Amino acid sequence: MEIKELQQRVDSWIKEYGVRYFSELTNLAVLTEEVGELARVMARKYGDQSFKPGETDNLAEEMADVLWVLTCLANQTGVDLTEAIEASFAKKTARDRERHLNNEKLFAKR
């Protein structure tokens, strides 16, 4: 699925099943909540914490939830995520073209 199609599908779903978008500030709070849920799973799967009884390793679900709400925010604020990510690639490439290749810390863990 292309990013543009993702934005269109989320928008269609919201209009059909969600009635309307939550306010931008509510969605920002929801995004923060979803990132926290993703962090909880990451801490248990890759960090030092263990899963509590009843908790599951639902990493993909939590990542999808973050992407969903971020897409809602993009739709609400008129951000074309395809254009935004292309601009981000250009910015990072110009800024970091040599930076990471010369970072000895990155090569120490290979």
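This is a predicted model: local features need pLDDT of at least 70, side-chain atom pairs count only at pLDDT 80 or more; totals for chains, interfaces and linings use all residues.
Student: How many aromatic pairs are there?
Tutor: The count comes to two aromatic pairs. Rings of Phe, Tyr and Trp (its six-membered ring) pair if their centres lie within 6.5 Å; planes under 30 degrees apart are called stacked, over 60 edge-to-face, and the rest tilted.
Student: Is Tyr-17 buried or exposed?
Tutor: Tyr-17 is exposed, with a relative accessible area of 53%. The cut-offs are under 20% relative accessible area for buried, over 50% for exposed, and partly exposed in between (1.4 Å probe, protein chains only). Trp-13 has 40%, so it counts as partly exposed.
Student: And what about Trp-13 and Trp-68?
Tutor: Their ring centres are 5.3 Å apart and their planes are at 85°, so this pair is edge-to-face. It links distant parts of the chain, with Trp-13 in H1 and Trp-68 in helix H3 (residues 59–77), 55 residues apart. Trp-68 is partly exposed at 33% relative accessibility. Trp-13, Tyr-17 and Trp-68 form one aromatic cluster.
Student: How far does H3 reach?
Tutor: H3 has 19 residues and spans 27 Å from its first C-alpha to its last, close to the expected 27 Å. The expected span is 1.5 Å times one less than the number of residues.
Student: Which residues of H3 are buried?
Tutor: Among them are Leu-59, Glu-62, Val-66, Val-69 and Cys-72. The buried residues of H3 pack against H1, helix H2 (24–45) and H4; contact means heavy atoms within 4.5 Å. After H3 comes Gly-78, with a positive phi near 75°.
Student: Which other residue has a positive phi of about 75°?
Tutor: Val-19, although it is not a glycine. Most residues other than glycine have a negative phi. Val-19 is in the loop between H1 and H2 and is exposed, at 72% relative accessibility.
Student: New topic. What is the volume of the largest pocket?
Tutor: About 160 Å³. On a 1 Å grid over the protein atoms alone, a pocket is an open set of points where a 1.4 Å probe fits, with protein on both sides within 12 Å along at least five of seven lines, and lining residues have an atom within 4 Å of a point. Grid points are joined across faces, edges and corners, and the volume is the space filled by probe spheres set on the points.
Student: Which residues line it?
Tutor: The lining of the largest pocket includes Trp-13, Tyr-21, Phe-22, Asn-27, Trp-68 and Cys-72. H1, H2 and H3 each supply at least two residues of that lining.
Student: Now the charged residues. Where is Glu-55?
Tutor: Glu-55 sits in the loop between H2 and H3 and is partly exposed, at 24% relative accessibility. Not counting residues up to four places away in sequence, Glu-55 touches Arg-40, Arg-44 and Ser-50.
Student: Which side chain does the side chain of Glu-55 make a polar contact with?
Tutor: That of Arg-44, at 2.7 Å. A polar contact is a pair of N or O atoms within 3.5 Å; within protein, one must be able to donate a hydrogen and the other to accept it, and residues adjacent in sequence count only if both atoms are side-chain atoms.
Student: What about Asp-96?
Tutor: The side chain of Asp-96 makes a polar contact with the side chain of Arg-99 (2.9 Å). Asp-96 lies in helix H4 (residues 81–96) and is buried, with a relative accessible area of 10%.

Terms used: Residues are numbered from 1 along each chain as its sequence is written. Side-chain values use heavy atoms; hydrogens and water are left out. Helices (H or I, at least four residues) and strands (E, at least two) are DSSP runs, numbered from the N terminus.
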